Amino acid sequence: MDVNSRSRARRLIATIQDLERESTAKFTFKLEGISRDGFVALFDGEVVAYENLCRHIPLTIDYGDNRFFTTDARHFVCQTHGAIYEPLSGLCVRGPCEGASLRKLEIAVSEGKIFLLEETNEIRG
Ligand code: FES
């Protein structure tokens, strides 16, 4: 009998060294068969990853230039209409989508490497 089970694949998306240099790094991932943009950020010593999609209008938060932080580096800012997001929770605290949250992505950090945890479907016979 076939058994469907879900397992997690780990994919390297950045290193801590990358984030110490640039604060954020971009990557792509697939969800529901669709390729999407993501970004990973280092903030207050924590690493977080989100889908790079504003909650106001489905546009990327950056302009493709890997700029996500406000000038004081305390929040993420959408470059289009200025929505302000808390880095650790992804919650929009000011702007047109206040109260909505970025889609958080699951990651694992091991020996300075940051991995995206992706769900895969496995069929076992
Ligand atoms: S598209 Fe991000 S604030 Fe409007």
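Helices (H or I, at least four residues) and strands (E, at least two) are DSSP runs, numbered from the N terminus. This is a predicted model, in which local features need pLDDT of at least 70 and side-chain atom pairs count only at pLDDT 80 or more, while totals for chains, interfaces and linings use all residues. Residues are numbered from 1 along each chain as its sequence is written, and side-chain values use heavy atoms, with hydrogens and water left out.

**Overall layout**

The chain contains one helix and nine strands, arranged along the sequence as β-α-β-β-β-β-β-β-β-β. The C-alpha trace spans about 55 × 35 × 20 Å along its principal axes. Of the 125 residues, 37% are buried; buried means under 20% relative accessible area, exposed over 50%, and partly exposed in between (1.4 Å probe, protein chains only). A contact means heavy atoms within 4.5 Å. Among contacts between residues at least 6 apart in sequence, 50% join residues at least 24 apart.

**Strand pairing**

Strands of a sheet pair through backbone hydrogen bonds, either parallel or antiparallel. Here two strands are taken to pair if DSSP finds at least two bridges between them.

Eight bridges connect β2 and β3 in the antiparallel sense, and Phe29 has Arg36 in β3 as its bridge partner. The hairpin of β2 and β3 has two residues between the strands, and Glu32 takes a positive phi near 50 degrees in it. β3 and β4 are also antiparallel, over six bridges, with Leu42 opposite Val47 in β4. In the hairpin of β3 and β4, again with two residues between the strands, Asp44 takes a positive phi near 50 degrees.

An open sheet of three strands has the order β5-β6-β7, with antiparallel pairing. β5 (76–77) and β7 (92–94) stand at the edges with a single partner strand each, so one side of each has no neighbour in the sheet. β5 is joined to β6 (residues 84–85) by two bridges, and the bridge partner of Phe76 in β6 is Tyr85.

**Nonpolar cores**

A nonpolar core is a set of buried Ala, Val, Leu, Ile, Met, Phe, Trp, Tyr and Cys residues joined through side-chain atoms within 4.5 Å. The largest has 17 residues, and Phe76 and Tyr85 have the most contacts inside it. β3 (34–43) and β4 (46–51) each supply at least two residues of this core, and the largest share, three residues, comes from β3. Apart from it lies another core, of 13 residues, including Ile13, Ile16, Phe27 and Leu116.

Leaving out residues up to four places away in sequence, the contacts of Phe76 include Phe39, Ala41, Val48, Tyr50, Ile84, Tyr85, Pro87 and Leu102.

**Aromatic pairs**

Rings of Phe, Tyr and Trp (its six-membered ring) pair if their centres lie within 6.5 Å; planes under 30 degrees apart count as stacked, over 60 as edge-to-face and the rest as tilted. The structure holds seven aromatic pairs. The rings of Phe27 and Phe29 have their centres 6.2 Å apart and their planes at 50 degrees, so this pair is tilted. Tyr50 and Phe76 form an edge-to-face pair, 6.0 Å centre to centre and with 80 degrees between the planes. That pair links distant parts of the chain, with Tyr50 in strand β4 and Phe76 in strand β5, 26 residues apart. Both Tyr50 and Phe76 are buried. Ring pairs also link Phe39, Phe43, Tyr50, Phe68, Phe69 and Phe76 into a cluster.

**Thr24 and the cysteines**

Thr24 is found in strand β2 (residues 24–31). Its side chain makes a polar contact of 2.8 Å with the side chain of Asn66. A polar contact is a pair of N or O atoms within 3.5 Å; within protein, one must be able to donate a hydrogen and the other to accept it, and residues adjacent in sequence count only if both atoms are side-chain atoms. Not counting residues up to four places away in sequence, Thr24 touches Leu19, Phe39, Val40, Ala41, Asn66, Phe68 and Phe69.

The structure holds zero disulfides, a disulfide being a pair of cysteine sulfur atoms within 2.5 Å. Cys92 is in no disulfide, and its nearest cysteine sulfur, that of Cys97, is 3.6 Å away.

| Residue | Relative accessible area | Class |
|---|---|---|
| Thr24 | 3% | buried |
| Phe27 | 8% | buried |
| Phe29 | 6% | buried |
| Cys78 | 4% | buried |
| Cys92 | 2% | buried |
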